[in-house]
Amino acid sequence: MALAMLLRKLQIRLQLSLAKHRSLTGHSRMARRFASLVPFYEYDESHFFRADGAPEEVAAARRTGFMRLAAVFAERFKKTAELTGEIADGVSDLQFTSRYRVPFQFSGFVRRHLKAGSFVESSSGVTVTDLDGNRLYDLTGSYGVNVFGYDFYKECIERGSERVRGLGPVLGAYHPVTAYNVRRLLEISGLEEVSFHMSGTEAVMQAVRLARYHTGRTHLVRFCGAYHGWWGDVQPGVGNPLAARETYTLKDMDEASLRVLRNRRDIACVLVNPLQALHPNVSAPGDSTLLDSGRKAHFDREAYAAWLRRLREVCSARGIVLIFDEIFVGFRLAPGGAQEYFGVRADMVTYGKTVAGGLPVGVLCGLARFMRRFREDRPADICFARGTFNAHPYVMGAMHEFLLRFETEAVRSLYRGLDDIWNARARLLNERLAAAQLPVRIANLSTIWTIYYVAPSRYNWMFQYYLRAAGLALSWVGTGRLIFSLNYTEADFAQAADRILSAAREMQQEGWWWTETQLTNKSIKRRVFREMIQARWASTSPMGSISSPRIK
Ligand SMILES: Cc1ncc(COP(=O)(O)O)c(C=O)c1O
């Protein structure tokens, strides 16, 4: 009997190991350990242009291009960069984002020469304007908040403020607009109760806390690479100084993960970020990790919907709470969010970003049996959740406007044929890029795009600077995430697409995508790995000194 139990335990442990993705992203502890071993080193000027072993004439073309671009940046973004420089030392966020725009070996040199500013002054249509008066096509989407265009949100905030002005910042009691918001959110989500929070991260925290409370189980399951905010339990890998002990990170879209859900007894909930459908098992693509051209993305709606259906089945059978984290994709993919888009219903859904009409918010909707924070039969056993600014009148006012406008024909019509429109736009741009023999391609999940690269290169991260010079505003993660608002007209899009194409042409002409047969993604990785070993040895050995790469 004891032996049988032991064997069963071993089998369940083995199933867990088999359900981990083979990448470092799938192994949070190992990833954190690996990250702590990576030594700092950076390229000196000569190595900067030849990190892939390109011949001297190619390096010279790159240097000329780089300095030309630096002159363009210095002139065009002068005021914006100056003000950014003035405060950068005192703003941790700016220091972090400017350091992590490109791979660290290149970062110092880039920061000294290509000063990307972090200020904008106004927005209109699909553009933002910086302090130098540059009007840039906005591809940042404001982290996904901007679904309907900035003017839409300005109106939500203005009209919403008018509605609640009489009450002002009174907290605790609700402004009457909240009643409509609650009704609409329950209709949209198809769920029974709602709670308001101040950020998406908090809404996710509350969902998981409630799932643990009601199931009496400890662990949450998230899928490899998925982002759910920056709370420790949902960010168990690099970025979190502590290991998350009650989190399982499993392979997305994989039978082995379903086996774990079927057999373990400690799983309270499964968190799904449907954005992962674009790149299952891979973290949100940022240009600072663009070592080579290994970035891959591809969206298959039916395959992901089938996966969600199976997940739904297993969760229902095992009493596991299925949580859709729609903070990014809710209201963007379809009026009913990912639940409608993929045709699968969750037990709890989180919303955020866009739903408060441009003001900060997190929303959790759920079935009543999972949302309740107390037990009828055990009054002292509660699940606590508060937040000073929850349901702030101004947030509720802007949300009210958002939800009213959301019902209008003008907004509803934006969803008609949405995927067809954006898939066609991506396809056409890909055809143009291929015809021009440029190594750049687009993968998209509706209006959420990622750029990937089809020829091995060490310099793809430079593309973000060419795009900025071409008048496109990107978020700090660069080409990994382009977010379009639904109000991009054909003419707006044609402008943005032309700029993407001309930026790629320029980058190619200036030698960055030089290639030869020996240059492969594998050879690039091997080279970088060798550099790291060399840098680590040099920094620990009393005799060590290497000329290239340079150690700081
Ligand atoms: C899917 C998802 N969940 C949670 C969050 C966290 O939301 P917030 O940044 O409002 O805390 C984000 C933010 O990007 C997100 O995309």
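**Briefing on the predicted model**

Asp347 and Arg312 are both buried.

**The buried pair and the salt-bridge network**

- The side chains of Asp347 and Arg312 meet in a salt bridge, with an N to O distance of 3.1 Å.

- Glu45 and Arg63 form a salt bridge through their side chains, at 2.9 Å from N to O.
- Glu45 is in helix α3 (residues 45–48) and Arg63 is in helix α4 (residues 56–76), so the pair ties together parts that are 18 residues apart in sequence.
- Glu45 is partly exposed, because its relative accessible area is 36%, a value that lies between the limits of 20% for buried and 50% for exposed.
- Arg63 also counts as partly exposed, at 31% relative accessibility.
- A salt bridge also links Glu56 with Arg50, whose closest N and O atoms are 3.3 Å apart.
- Glu56 has a relative accessibility of 48% and therefore counts as partly exposed.
- Arg50, at 31% relative accessibility, is likewise partly exposed.

**The ligand site**

- The residues surrounding the ligand are Ser199, Gly200, Thr201, Tyr227, His228, Gly229, Asn273, Asp325, Ile327, Phe328 and Lys353.
- Sorted by class, this shell holds 3 nonpolar, 6 polar and 2 charged residues.
- Gly200 contributes a polar backbone atom that is 2.9 Å from an oxygen atom of the ligand.
- Thr201 places a polar side-chain atom 2.6 Å from an oxygen atom of the ligand.
- Lys353 has a polar side-chain atom at 2.7 Å from an oxygen atom of the ligand.
- The ligand taken alone exposes 390 Å², and the protein buries 82% of that area.

**A nonpolar patch on the surface**

- Leu24, Met30, Phe34, Phe529 and Ile533 form a nonpolar surface patch, and together they have about 470 Å² of accessible area.
- Helices α2 (28–37) and α20 (521–540) each supply at least two residues of this patch.
- Phe34, one of the patch residues, lies in helix α2.
- Phe34 counts as partly exposed because its relative accessibility is 38%.

**Loop residues with positive phi**

- Most residues other than glycine have a negative phi.
- Tyr143 is not a glycine, yet its phi is positive, at about 60 degrees.
- Tyr143 is located in the loop between β3 (135–138) and α8 (150–164).
- With a relative accessible area of 53%, Tyr143 is exposed.
- Gln437 is also not a glycine and has a positive phi of about 55 degrees.
- Gln437 sits in the loop between α17 (418–435) and β11 (440–445).
- Gln437 has a relative accessibility of 65% and therefore counts as exposed.

- At 26% relative accessibility, Ala306 counts as partly exposed.
- Between Ala306 and Glu57 there are 52 Å in space, C-alpha to C-alpha, and the two residues are 249 residues apart in sequence.
- Asn281 is found in the loop between β7 (267–272) and α12.
- Asn281 counts as buried because its relative accessibility is 11%, and the limit for buried is under 20%.
- The side chain of Asn281 reaches the backbone nitrogen of Asp252 at a distance of 2.7 Å.

Conventions: Residues are numbered from 1 along each chain as its sequence is written. This is a predicted model: local features need pLDDT of at least 70, side-chain atom pairs count only at pLDDT 80 or more; totals for chains, interfaces and linings use all residues. Side-chain values use heavy atoms; hydrogens and water are left out. Patches are made of residues with over 30% relative accessible area and no salt bridge: like charges are joined within 9 Å, nonpolar side chains (Val, Leu, Ile, Met, Phe, Trp, Tyr) within 5 Å. Accessible areas come from the Shrake-Rupley method with a 1.4 Å probe; for residues, only the protein chains shown count as cover. A salt bridge is a side-chain nitrogen of Lys or Arg within 4 Å of a carboxyl oxygen of Asp or Glu. Helices (H or I, at least four residues) and strands (E, at least two) are DSSP runs, numbered from the N terminus. Buried means under 20% relative accessible area, exposed over 50%, partly exposed in between (1.4 Å probe, protein chains only). A residue is near a molecule or strand if one of its heavy atoms lies within 4 Å of it. A polar contact is a pair of N or O atoms within 3.5 Å; within protein, one must be able to donate a hydrogen and the other to accept it, and residues adjacent in sequence count only if both atoms are side-chain atoms. Ala, Val, Leu, Ile, Met, Phe, Trp, Tyr, Cys and Pro count as nonpolar, Asp, Glu, Lys and Arg as charged, and the others, Gly among them, as polar.
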